[in-house]
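Okay, thanks for coming, everyone. Let me put the structure up and talk you through a couple of things.

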Amino acid sequence: MKKLNKAVSLVCSAAMAMAMLAGCGNAESTGSAAGGGTFKFGAIGPLSGGAAAYGNAVCNAAELAVAEINEKGGINGYQVEYSKEDDELNAEKSVNAYNTLKDWGMQVLVGSTTSACSIAVSENTKADNMFQLTPSGSAVDCVKYDNVFRVCFSDPNQGIASAQYISDNNLATKVGIIYDSSDVYSSGIYQKFVEESAGKNYEVVSAEAFTQDNNTDFSVQLQKAKDAGADLVFLPIYYKDASLILTQANTMGYSPIFFGVDGLDGILTVENFDTSLAEGVMLLTPFAADAKDDLTVNFVTKYQEKYGETPNQFAADAYDAVYIIKQAIEAKNLTPDMSVSDLCEALKSAMTEIEAKGLTSEKMTWDASGEPNKQPKAVVIKNGAYVSAQ
Amino acid sequence: MNLTKKSKDNLITYGIVVAAYVIFQILSVTGNLSSHMKGLLVPMTYYAVIAVALNLCVGILGELSIGHCGFMCIGAFTSAFFSKVTENTLPSALRFVLAFVIGIAISALFGFLIGIPVLRLKGDYLAIVTLAFGEIIKNVINAFYIGIDGKGVHFSLKNSMELGLEPDGQLIVNGAMGITGTPHNSSFTVGIIVLLLSLFVVLNLVNSRDGRAIMAVRDNYIAAEATGINVTRYKMMAFIISAAIAGAAGVLFSHNITTLTASSQYFGYNASIMILVYVVLGGIGNIRGSVIAACILYLLPELLRGFSTYRMLIYSIVLIVMMIVNWSPKVIEFRKRTFGKFSLKRQ
């Protein structure tokens, strides 16, 4: 028995060693001039687990954009190769995903999808001096380094814009807030919103938190807002939780104005959710899937054809991100045989010069800090569709 | 040399770790190691360290703890806090050593505090209480807002606005957003040193008088008590050491990635159970097994990246197969019949 165990453990450890070496075997093809003839774009996002909807949206839309670009002859005549990796919403795995893509020969990173992962990965892209454009990493620290830019609004910007909008349009006198304290995105917006609310023409009367561990019953939070007399409830959260809040508010007979940010986009697609409850909900979002301009129509139909879903704002951000990189590469006339670091330097300066037009804004510009300058759009849900609120 | 069987066994364990280190260093220096693999080395070491810690608790002490990631969380947060505060005032080597001291000491302290109520229980009850404590730690840290400015440390459990920081103040722990920008100090070498040290501590403890007392408590509580062993003391001792080592794993963890959040995927009970899986698959009470199992099981989903979304399915199947092959009595019997004649003729 003892001997057998020894033998088995020997065999096992030998096998393990072999497996490890085999794993290392696929030697680095990274080099400086990877591929030579093609640009290599990588994307990272949670493709499995609870947040898979976001990661898949980003990775699918980036894939779609790359396919379109290749169809039309590529960038500067060079085709684009694309690869995606899963990070399971885990910063550690996101770094692993980044390293995998680096081994594959990635030259430009579209990612990571979520804030914490994006921050962790930016540490590595900084070290490698690789250009990183995160479609949806909205925390302030995501663009801490000069090689990282983003497409979406930052959390504070959304908080400020929301406070500004509510005050400018005299939407309310008493505001209640329900936010997710376990989520970086939600608490980031919440913090800035409260700071910005000081001195505005409304008053924040309740601010109640929930976490991802107890996001099924919101009656306590709603009751507090109701008791405090809030006539507007600010929901800086994702749409899944918001759909429950709307349903439960309806059951309670509480009907304030619900005001959300871009995370609320997608609320009309929640399964088993009575969309009539969302009537009158206002949200600040850069993208509405049923807008009628050519760009959006083209994107939405193609996306639906290929993936069978209506794209959300994550997808729109990622689609824009790929085109922004294309524009930046064209602006500087870059070629794929340049080293990752040279590409990064050139793209960094290109980003501050270009003026991009995309799904999420008519006009986007960047400064060296990596933050985009674009106008938020407010929409209101009427008859089950987004209508511009202005 | 006149080595006992035990110390020979221990030397093999150290040998495996050192050999793995040398092999990977050679591969890395000669440029044969992919960046993906390089990135996996540090996580592998800290998961091995925490598996060793948990094996001390589960295998040697015989108490099932499913909240061990809570101690890792404490180690991670206290050390990251310290490193962040002293980032510009201390040289990085000294700071990292002090971060270890602080992370380990505070985890041990919490191990002690939590051990007082927990170790009064046994079996399933103890497991459930450790689970609860693990969750409490995670959720409490999620509610912390700590900032530092010219006037000193500000603390709030409500939100960052309550802190009233001066404009030049620095927000260090920002609730659910945790600590960002911890200096990246962990390296494979440091990880291996920590792993060797924790192996040294645990293996020596097991082979000492205290270790035998701990195992006596595990094997027969009443008999141990009757022979005059101070049961509480030894249980506490093993639990605190286990918590301290888990804290060391946390220090490595927090200094390896720059965003540290007390969220479920790192420190929740799922993560704790994953560590428990490492321990059980590696063999309860078998320290070397824990190290090997932790490395394999951490590597597996990463090496299976080629299968994209199917890798989680494959990983789960591999877990089931490994569990059956290793532990099912029928399979063990079958293995003995089939491979018995090939076993090495030694000893």
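So, in chain A, helix α2 (residues 52–71) packs against helix α9 (residues 294–307) at an angle of about 110 degrees, axes 11 Å apart. Helices here are DSSP runs of H or I, at least four residues, and strands are E runs of at least two, numbered from the N terminus. The axes are lines fitted to C-alpha atoms over the stretch in contact, with angles from 0 to 180 degrees between N-to-C directions. That makes α2(A) and α9(A) roughly perpendicular, a label covering 65 to 115 degrees.

Who makes the contact? On the α2(A) side we have A:Asn60, A:Ala61 and A:Leu64, and on the α9(A) side A:Lys302, A:Tyr303, A:Lys306 and A:Tyr307. In contact means C-beta atoms, placed from the backbone, within 7 Å.

One caution: this is a predicted model, where local features need pLDDT of at least 70 and side-chain atom pairs 80 or more, while totals for chains, interfaces and linings use all residues. Residues are numbered from 1 along each chain as its sequence is written, with chains lettered from A and ligands numbered from 1 in the order written.

Over to chain B: 14 helices and five strands. Its C-alpha trace spans about 75 × 60 × 45 Å along the principal axes. Of its 347 residues, 46% are buried, meaning 20 or more other C-beta atoms, placed from the backbone, within 10 Å of a residue's own. And among chain B contacts between residues at least 6 apart in sequence, 74% join residues at least 24 apart.

Technical notes:
Parallel < 35°, antiparallel > 145°, perpendicular 65-115°, else oblique. Contact = placed C-beta atoms within 7 Å. Buried ≥ 20, exposed ≤ 12 C-beta atoms within 10 Å, placed from the backbone.
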